[in-house]
Number of protein chains: 2
Amino acid sequence: MKKNKVKVTFLPQNETIEVEKGTTLLEASIRAGVYVNSICGGDGICGKCRLIVKKGDVDTHPTTLLAREEIKKGYVLACQSEVKGEEVIVEVPPESRAAGKILIDKDAQRFRALYAPMKERVIFKYKPLVQKIYLELPPPSLQDNIADHVRLYRHIRRRKDIVIMQSGLKVIRTLPHILRNSDWKVTATLGIRGGTVEVIQVEGGNTTDRNFAVAVDVGTSTVVAHLINLNTFETMDAEATYNSQMVYGEEVTRRIIYAESKGEDRLREAIVEDINNLIITLISRNNIRLNEVMAVICAGNTAMIHFLLGLNPSHLRKEPYIPVCTYPPPVRAAEVGIKINPRGLLYSLPSIASWVGADITAGILATGLYQADELTMLVDIGTNGEIVMGNKDWMVCCSASAGPAFEGSGVRSGMRAAEGAIEKVRISDEGRIQYTTIGGGRPRGICGSGLIDIIAELFKAGFIDRSGRLNPEANGRVREANGELEFLLVPSSRTATKRDIVITQADIENLLRAKAAIFAGINVLTKTLNIKFSDIKKIYLAGGFGNYLDKENAITLGLIPDVRRDIVQFVGNTSILGAKMALLSKDALDTAYKISKNITYYDLITYPDYMNEFMAAKFLPHTDVGKFPTIMQKVKKGAV
Amino acid sequence: MKKNKVKVTFLPQNETIEVEKGTTLLEASIRAGVYVNSICGGDGICGKCRLIVKKGDVDTHPTTLLAREEIKKGYVLACQSEVKGEEVIVEVPPESRAAGKILIDKDAQRFRALYAPMKERVIFKYKPLVQKIYLELPPPSLQDNIADHVRLYRHIRRRKDIVIMQSGLKVIRTLPHILRNSDWKVTATLGIRGGTVEVIQVEGGNTTDRNFAVAVDVGTSTVVAHLINLNTFETMDAEATYNSQMVYGEEVTRRIIYAESKGEDRLREAIVEDINNLIITLISRNNIRLNEVMAVICAGNTAMIHFLLGLNPSHLRKEPYIPVCTYPPPVRAAEVGIKINPRGLLYSLPSIASWVGADITAGILATGLYQADELTMLVDIGTNGEIVMGNKDWMVCCSASAGPAFEGSGVRSGMRAAEGAIEKVRISDEGRIQYTTIGGGRPRGICGSGLIDIIAELFKAGFIDRSGRLNPEANGRVREANGELEFLLVPSSRTATKRDIVITQADIENLLRAKAAIFAGINVLTKTLNIKFSDIKKIYLAGGFGNYLDKENAITLGLIPDVRRDIVQFVGNTSILGAKMALLSKDALDTAYKISKNITYYDLITYPDYMNEFMAAKFLPHTDVGKFPTIMQKVKKGAV
C-alpha cells in the first residue's frame with residue numbers, strides 16, 4: 001500500500017476505497033458511492049452524517065452533536081473525521097443510510113398552492129435584512145497596501161452608506177484565502193443587526209443570485225414557513241406542520257407549566273425541530289442549499305418566541321405577566337439550533353405583551369392598521385383570538401382565550417386547512433348539504449372556515465337553536481351516538497377516511513365558546529373605549545383558515561359584530577405576511593418596533609365585565625339579538 | 001442506602017462521601033475534602049477539573065475541552081458531571097491533583113516592582129471600555145409591565161447616554177432568574193464594541209467594586225501583562241514571560257513560515273497559553289476570580305496580533321505585505337481561548353502596517369507624539385526597531401529588522417531585564433569594571449541596557465576599535481575562547497550561575513548589526529523627509545530594557561543621533577502603557593484608531609539606500625564620525 005493512502009471500508013455495503021490520508025469520511029463515502037446522510041453539506045452543523053468506527057483510527061474534531069455514550073461506542077461525524085493509519089472500517093448505521101424522512105404532514109403541501117408564488121405588497125422600500133453585494137476589489141500593491149478587511153470595508157462603503165459595520169473573527173479569518181483565491185472578486189453578505197450592519201459572510205465569486213430566507217409563523221397549533229427569494233422578493237414556496245409541542249399541552253399555559261417542572265429545553269427542541277424540518281422540506285424541493293439560506297424571521301405569540309429562543313416563559317402566566325423579552329435582538333440562527341448557513345441570522349418580530357405577540361405586530365404591519373385614517377379593527381383568530389382596534393393616532397389590543405377549535409383541534413372531525421378539508425358548507429332551503437373540499441377530493445375533515453359555515457348554516461336552517469342545541473326532529477341527519485346528539489355531514493361511504501364526518505353537540509358548544517370569547521373581547525374593548533360598532537369603518541379578519549372565509553356566516557355566528565359587509569375583509573395569515581414585509585424591508589421592521597411600542601394592551605382578566613359578556617355571547621348570534629339585526633331576519637322561525 | 005443519595009469515592013485518596021443525586025463531581029470532591037484543580041470556579045471553561053470515571057455513571061454536559069480519546073477512557077470534567085445511580089468511583093489523575101504549576105519565569109516578577117503600583121497618566125477622560133453599573137429596578141406591576149430586558153435597558157439608559165445597546169441571547173436568558181432572585185437589584189457590565197455598547201453580563205447585587213482587566217504587550221520575545229483595577233484605574237500588578245512561540249523561530253518571519261507549513265494553530269495556542277498563564281498568576285496573587293476579569297486588551301506587533309487572533313499571517317511577509325486585519329474588532333476573549341469571564345471581551349489596539357504594529361500605535365498614544373507641536377521622534381527597540389517621526393500635523397514610521405539582541409537573545413550571556421540581570425556597566429579610567437544588577441544580587445546575565453553600556457564603555461576605554469574588534473592587548477580581560485575573542489565581564493566565581501559572564505566578538509557584531517539597522521532607519525527616514533538631526537526637538541526611546549537606559553551610551557553606540565542630551569527621554573514599555581490608556585478611556589482608543597489611520601508607513605525595503613546606510617552604521621559610532629561630534633572627543637586615542 002502506498003504510504004499516504006488509507007483503505008476505507010464501509011459496512012454493511014462492504015464498499016472499499018483508497019483515499020489520501022486526511023480525507024474526511026464523508027468525502028470517502030461520496031467517492032465510494034456509499035450514501036451517507038448530510039444536510040449541511042459538510043459544515044458539521046447538522047449532525048446527520050453519523051458513522052461508527054469499527055477498526056482503525058480517525059482524527060475527529062470535537063463536536064457537541066454526539067452524546068457521550070455514542071462517542072464511547074465509536075460514533076463520529078463523517079464530515080468532521082479525517083482518516084489516518086493504513087486501514088479504517090466504518091459502519092453506516094441505519095439512521096444515516098437513507099435520506100432523513102421529513103415528518104411533515106403531507107397535507108400541509110396544500111399551503112403551497114395558497115401562497116406561492118405571491119409577491120408581497122411593496123409598501124416599504126426594498127431593504128432586505130440580509131443582502132448580498134458583489135465586489136470587484138483592486139488587488140493590493142505597495143502603494144495601496146491596506147489590510148484585507150479594510151479593503152473589503154472600503155469597497156462595501158463605496159456602495160452602501162453604513163455607519164457602523166461589524167464582523168466576527170470567523171469571517172475576518174476567511175478573508176486572505178477567499179480574496180486571493182477568487183481574484184479579489186467576492187460576494188459579501190450584509191445582515192442588519194439593530195443599528196449596525198454585520199458582514200456575516202464573504203464568498204468567492206458572484207453568488208448574489210443565491211440569497212434566500214425563510215419566514216416562519218410560529219403558532220401554538222400550526223407552524224407555517226415560507227421560502228423567500230431575497231433578490232426577487234418572491235415567495236417561492238410554503239409549507240406547514242402542526243406544532244409538535246402539542247404533546248406537552250394544547251394550550252400555551254399547559255406548556256409553560258410543563259416547562260416549569262421539566263425545563264424549557266424539550267419545548268425549544270420541539271419547535272426548533274419543526275422549523276428545521278420545514279426549512280429542509282422547502283429547500284430540498286427548490287434545489288437550495290442550507291448554506292444559501294442566510295436568514296430566518298419569526299413571528300408568533302410571545303410564549304412561542306420565548307420557547308424558540310430558550311427564554312424562561314414562567315412569568316408570562318403569573319401576575320403581573322412579564323415577558324423576558326419583547327424585542328429579541330437578531331441572533332445567530334445556529335445559537336438556538338436552527339440549521340441554515342452557520343453565520344445566518346434569526347430575526348424575531350417584536351411582541352406587544354405577554355399575551356399579545358409578534359404575530360399581532362405583524363398583522364398590524366401587514367394590514368396597515370397603524371396608518372389607517374379611520375377606526376379599524378383587526379381580529380386574528382388562532383388558538384387565542386387577538387383583537388386590535390385603532391388608527392394612525394392610537395391603538396389598543398386585547399387577547400381572548402378562544403382555544404384551538406377554529407384550528408380544527410378539539411372538534412371531532414376537525415382538521416387544519418389542508419388538502420381534503422371541508423372549507424365551505426351550504427344547507428339549501430330543502431335541507432340538502434353542499435360542501436367543497438380543499439383540493440377538490442374526498443373530504444377528510446372540516447377546517448375552520450368549514451366549521452364557521454356549518455354552525456351558521458345549521459342555525460339558519462333551524463337545525464340548532466340559539467343556544468346551539470341540535471334539534472333531533474329537525475332533520476334525518478341529526479342522530480344520537482355515544483350518548484350525545486350529532487349532525488352527520490358526510491357519511492363514511494363518501495369520505496377519504498372511510499369514517500363519518502360529523503359535528504357533535506360537544507363540538508358545537510366548543511365552537512360557541514370560542515366565538516363567544518372573541519366577541520366578548522370585541523365588546524369589552526368597544527365599551528371601554530366608548531365606541532359603537534357602527535363607528536368601526538374597517539374590519540380585518542385574519543387567521544390560518546385557508547383561502548376562504550364566509551364573512552356573512554362569521555357574522556351569523558356572532559363571531560364579529562353585525563356591520564356593513566363591505567367593510568369586512570378576510571386577510572388570511574397576516575402573521576407571516578408581516579414577517580415577510582419586515583424581512584424585505586428594514587423600514588418595515590422599524591415600523592414593527594414602533595407599532596409594538598405605541599400600542600396599549602388591555603388585559604381582559606382585569607375587566608370583571610368580561611365573564612358576563614362571554615356568557616351573553618355564547619348564544620347564536622348573541623343573547624342580545626338587537627346587536628345582530630340583519631341576522632335575525634334570515635333565521636328560520638323554528639330556531640328562534 | 002437512601003433513594004436519592006449516591007456514594008462517591010475518590011481514588012487514589014479513597015475518600016468516600018454520600019451526596020444527593022445530581023450533585024456535580026466538583027461539588028462532591030469539595031465536600032469530600034479531595035482537592036481537584038479548577039481555575040474557572042465550575043463554569044466549565046478552564047478544563048482543569050479532569051476526572052476519570054471508574055465505576056458507576058454520571059450525566060455530563062458535552063464539552064470540547066476533552067479529546068475524543070480521553071472521553072473514551074472515561075475522562076470527564078468534574079464541574080460538568082452530575083452523579084447518578086447508587087455508586088460512583090472516580091480517579092483523580094495526577095494533572096488534576098495539585099494546583100497547576102504556572103510556567104512563568106520566576107525572574108519575570110521583577111516587572112512587578114517596576115510598574116506596580118503606577119497610576120496611568122490621566123490625559124483622557126475616564127471612560128473604561130468595560131464598566132459595571134449598579135441598578136435598583138422598580139419591580140414590575142400591572143401598570144408597569146414591560147419585559148425584563150426592556151426594564152433593564154430603560155434603567156441603564158437613565159444612567160448612561162447609549163445610542164445602540166445590544167445584548168446576546170445568553171445574557172437575556174439569565175434575566176428573569178437574576179432580577180427576581182436579587183430583588184431587582186443588579187449590576188450590569190457594559191462593554192464598548194465599536195459604535196455600540198453590549199450588556200455583557202448581569203449579576204445579582206452590587207458587584208461594581210470587582211471589575212478588573214488585563215493589558216498585554218504581546219512581544220515577539222517577551223509577553224508582559226498588567227492587572228488593572230477598572231474602578232481605581234490602578235495597575236495592581238505586573239508579570240512577564242518569554243513568548244513560548246520562540247520554539248517555532250526567534251524571528252517573526254521564521255514563525256510565519258512555520259505557520260504556513262504546519263498551520264497557525266500551534267502558534268496561536270502557544271501565545272494564548274502564555275497569556276492565560278500570566279492572567280492566572282496575576283489574579284491568584286491578588287485574590288481575584290477569573291469571572292471578575294471582564295476584559296483583556298492587547299498591543300503587539302502585527303504578526304503577534306495575527307497569531308493571537310488566528311489570522312493567517314502569511315501575506316505579511318510577501319510583497320506587497322498585506323495584513324488580514326489592522327483594526328481587529330473586540331471579540332469574546334473565549335473565542336480565541338483566553339480564559340477570563342466567559343462573556344469578557346478581548347480588545348486589540350489597531351496596527352499601522354504589516355511591520356509596524358499596535359505596539360507602535362500604543363507608543364505614539366502614550367508619548368503624545370501625535371499631538372506634539374515640535375518635531376518628535378519615537379524609537380521603540382524590541383525584536384524589531386520601529387521609528388516614528390512627526391508631530392500633530394503629520395507622522396511617518398518605518399521598521400528596521402534589528403533582531404532580538406537588545407532583548408538579550410542571541411547574545412552569549414544575554415538575558416531579559418529580570419532579576420539578576422546586569423543593567424548598568426562602567427569601566428573606570430583605570431580599567432576597573434563596575435556593574436549593578438536588577439535586584440542587587442549576584443549577576444546571572446546581561447540585559448539590553450547593560451549590553452548598550454558594555455559596548456559603549458569598551459569603546460570609550462579603547463578595548464574595542466571603531467569596527468567593534470576586541471583588542472587582545474588592551475586589557476587582561478580580553479581572552480581567546482572557543483576560537484574567538486571575548487571580554488570577561490564577571491568571572492564564574494562571582495556569578496549566580498557559576499558560569500563566566502562574557503561578551504564575545506560575535507555578540508559585539510550582533511549588537512552592532514542591531515544598532516546599525518535602527519540607526520540606518522532613522523537616517524533614511526530623516527534624509528527622505530529632508531530633516532536634519534538638529535531639527536528633532538524630542539526623542540523618546542522606548543523598549544523593555546528595564547527601569548534604566550543610559551542615553552549617553554546609547555548615543556556613544558550610535559543607536560540614536562548625537563543630539564542634545566536633554567531632549568532624549570527613556571520611556572520604557574510604551575506598548576503596554578498605551579494599551580492601558582485605551583483600556584481606561586474610549587477616547588484614547590478612538591485616538592489610537594486615528595493615529596493608525598493618519599500615519600504614513602515607509603517600507604525600508606523599497607529604499608535602495610538603506611543597505612548602504614546600514615553598512616555605514618555598523619561602525620562605532622558611525623563611519624561618518626562627523627555625525628557624532630560630541631562622542632569622538634571622549635573616546636581614547638587608541639580606539640580611533
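Which residues are buried in helix α1 (residues 25-32) of chain A? They are A:Leu25, A:Leu26, A:Ala28 and A:Ser29, and there is more on that helix below. Keep in mind that this is a predicted model. Here's the quick tour, starting with chain A as a whole, then the way the two copies pair up, then some local spots to look at.

**Chain A overall**

- Chain A has 18 helices and 28 strands.
- With a radius of gyration of 28 Å, close to the 26 Å that the globule rule gives for 640 residues, chain A is as compact as a globular protein of that length.
- Along the principal axes, the C-alpha atoms of chain A fill a box of roughly 95 × 60 × 45 Å.
- Of the 640 residues in chain A, 52% are buried.
- Take the contacts in chain A with a separation of 6 or more: 68% of them come from residues 24 or more positions apart.
- The chain splits into domain 1 (5-97), domain 2 (130-204), domain 3 (212-348), domain 4 (358-404 + 512-632) and domain 5 (409-511).
- Between domain 1 and domain 2 of chain A, the C-alpha centres are 35 Å apart.

**How the two copies pair up**

- Chain B puts 47 residues into the contact and chain A puts in 46 residues.
- On the side of chain B that touches chain A, α2 (68-72), α5 (148-159) and α6 (169-181) of chain B each supply at least two residues. The most comes from α6(B), with 6 residues.
- Sorted by class, that side of chain B has 24 nonpolar, 16 polar and 7 charged residues.

**Helix α1 of chain A and what follows**

- Back to A:Leu25, A:Leu26, A:Ala28 and A:Ser29, the buried residues of α1 in chain A. Looking down the axis of α1(A), its buried residues fall within an arc of 160°, so they line one face of the helix.
- Those buried residues of α1(A) pack against β1 (5-11), β2 (15-20), β3 (50-60), β4 (75-77) and β5 (81-91) of chain A.
- Just after α1(A) you'll find A:Gly33, with a positive phi of about 75°.
- In the loop between α1 and β3 of chain A sits A:Lys48, which counts as partly exposed because it has 19 C-beta neighbours inside 10 Å.
- A:Lys48 and A:Leu65 are 17 residues apart in sequence, and their C-alpha atoms are 9.0 Å apart in space.

- Most residues other than glycine have a negative phi, and most peptide bonds are trans. The spots below go the other way.
- A:Leu620 and A:Pro621 are joined by a cis peptide bond, with omega about -15°; A:Pro621 is in the loop between α17 (609-616) and α18 (629-632) of chain A.
- Another cis peptide bond joins B:Leu11 and B:Pro12, with omega about 0°. You can find B:Pro12 in the loop between β1 (5-11) and β2 (15-20) of chain B.
- A:Asp183 is not a glycine, yet has a positive phi of about 55°. A:Asp183 lies in the loop between α6 (169-181) and β9 (185-193) of chain A and is exposed, with 12 other C-beta atoms within 10 Å.
- B:Asn530, also not a glycine, has a positive phi of about 60°. B:Asn530 belongs to the loop between α13 (505-529) and β25 (538-543) of chain B, and with 7 other C-beta atoms within 10 Å, B:Asn530 is exposed.

Notes. Residues numbered from 1 in each chain as written. Chains lettered and ligands numbered in written order. Predicted model: local features only at pLDDT ≥ 70, side-chain atom pairs only at ≥ 80, totals over all residues. Contact = placed C-beta atoms within 7 Å. Helix = DSSP H or I, 4+ residues; strand = E, 2+ residues; numbered from the N terminus. Nonpolar A, V, L, I, M, F, W, Y, C, P; charged D, E, K, R; others polar. Domains from an automatic or database assignment. Rg over C-alpha atoms; globule rule 2.2 N^0.38 Å. Buried ≥ 20, exposed ≤ 12 C-beta atoms within 10 Å, placed from the backbone. Arc of directions from axis to C-beta.
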